[in-house]
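The sequence and structure come first, followed by notes on single residues and on the chain as a whole.

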Amino acid sequence: MPILKKQDPKIYKAIQGELKRQREGMELIASENYVSEAVLEALGTVFTNKYSEGYPGRRYYGGQEFTDVVENLAIERAKKLFGAEHVNVQPLSGAPANMIAYSAVLKPGDKVLGMDLSHGGHLTHGHPVTLSAQVYDFVRYKTGADGKIDYKELEAMAIKEKPQMILAGFSAYTRQLDYKKFAAIAKKVGAITMFDIAHIAGLIAGKALPNPVPYFDIVTTTTHKTLRGPRGGMILCKEKFAKAIDKAAFPGFQGGPHMNNIAAKAVAFGEALKPSFARYAAQILKNAKVLEIELKKYGFKIMFGGTDNHMVLVDVFGSKGVTGKEAEKALDKVGITLNKNMIPDDPRSPMDPSGVRIGVPAVTTRGMKEREIVKIARWINDVVENHADEKKLKVIHKEVIALCKKFPVYGNLK
């Protein structure tokens, strides 16, 4: 970055600081990952200069020969990855993708059955503070005492509430969903089915988890997280919803798509079609299961009874008497980054909840496997139990840096 260093040294310094943090730190936020250098390169191309309102072959501005190439490639690759009938790669991220999908098939005031935030759902699945909850009438379902979704209860809610849409998906739920049961319940009440797969899209693309696309009318996702692409969104749907989805995206919700981002999405989808991506996805599940087992050994209470995907949700307050906020801050000091998170029906506040959410996609991308996860679990326990011991934390921090240096990222970046 010789030009940036000279022109804007403050921004250059911040970028270098972030690069150092990512190289020397351990990323355990479940929604974060490391994109390839090829994806980064695509993001920084001259496509950032181009407005491309509309869709391939039917744009509102001229000069679209090459934007059509990259958008068509992104669409074709996404269709192949997920077996989708129709794909829209223009949503700017996951929340816009969800709002676009809602607006395509629902009217203001329509009822949606979505997962409760504290039980693992996402803000855009109907939390009262969001715009979606102001436009649509969300009824939120929860997990049962065993930490799993009670499909009989979900069916009873659907029959009682008669929603226009039944929404599956989560941001902190760790168990596998029964796609067929969701589809059957929706069919029984005449509801549209939608699944937000933002967290597990990469595990589905890598065939580590079953593909929900055949069972749901609409599937939304981010393109980062486990899918390991640039920060963005995407909508997959049955052909009968294609026109409504495209119209809702543009001109309904967004203007010109970010073509540099779409180019980077295409690169990431190409990477996900390679055999190495399937090996990466399978290793994520192995690493997450080891993390669950090891944390249980240290006396941590794992929510929902365990994990079937890339993350674990841990009740640190109930297990160790340390709040999620305290645990997050202490772990940050040793170079382990994760996020505080609410647990089901959490008695504490969202800004200082009882739990933490821990994900393994990023460390798996670095090449870490079961052996390293055992060390990470030990460090997490040591930090939580000694969160006020600055001397102990400094020792652990050195150990974390040493391990990270054995699994380097972005070796070509300067």
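## Ile 15

Beyond its neighbours within four places in sequence, Ile 15 is in contact (heavy atoms within 4.5 Å) with Met 1 and Leu 4. Ile 15 is part of helix H2, residues 9-24; helices (H or I, at least four residues) and strands (E, at least two) are DSSP runs numbered from the N terminus. Its relative accessibility of 31% makes Ile 15 partly exposed, a class that lies between buried (under 20% relative accessible area) and exposed (over 50%), with a 1.4 Å probe and protein chains only. Ile 15 and Lys 414 are 399 residues apart along the chain, and their C-alpha atoms are separated by 9.9 Å.

## Basis of the model

The model is predicted: local features need pLDDT of at least 70 and side-chain atom pairs count only at pLDDT 80 or more, while totals for chains, interfaces and linings use all residues. Residues are numbered from 1 along each chain as its sequence is written, and side-chain values use heavy atoms, leaving out hydrogens and water.

## The whole chain

The chain has 17 helices and 15 strands. Its radius of gyration is 22 Å, close to the 22 Å that the globule rule gives for 414 residues, so the chain is as compact as a globular protein of that length. The radius is taken over C-alpha atoms, and the rule is 2.2 Å times the number of residues to the power 0.38. Along its principal axes the C-alpha trace spans about 60 × 60 × 35 Å.

Of the 414 residues, 56% are buried. Among contacts with a separation of 6 or more, 72% join residues 24 or more positions apart.

## Nonpolar cores

A nonpolar core is a set of buried Ala, Val, Leu, Ile, Met, Phe, Trp, Tyr and Cys residues joined through side-chain atoms within 4.5 Å. The largest one has 95 residues, and Phe 182 and Leu 177 are among those with the most contacts inside it. Helix H12 (residues 275-297) gives this core its largest share, eight residues. A second, separate core of 24 residues includes Met 99 and Ala 249.

## Lys 148

Lys 148 sits in the loop between strand E6 (137-141) and helix H7 (151-161). With a relative accessible area of 39%, Lys 148 is partly exposed. Neighbours within four places aside, Lys 148 is in contact with Thr 143, Tyr 173 and Arg 175.
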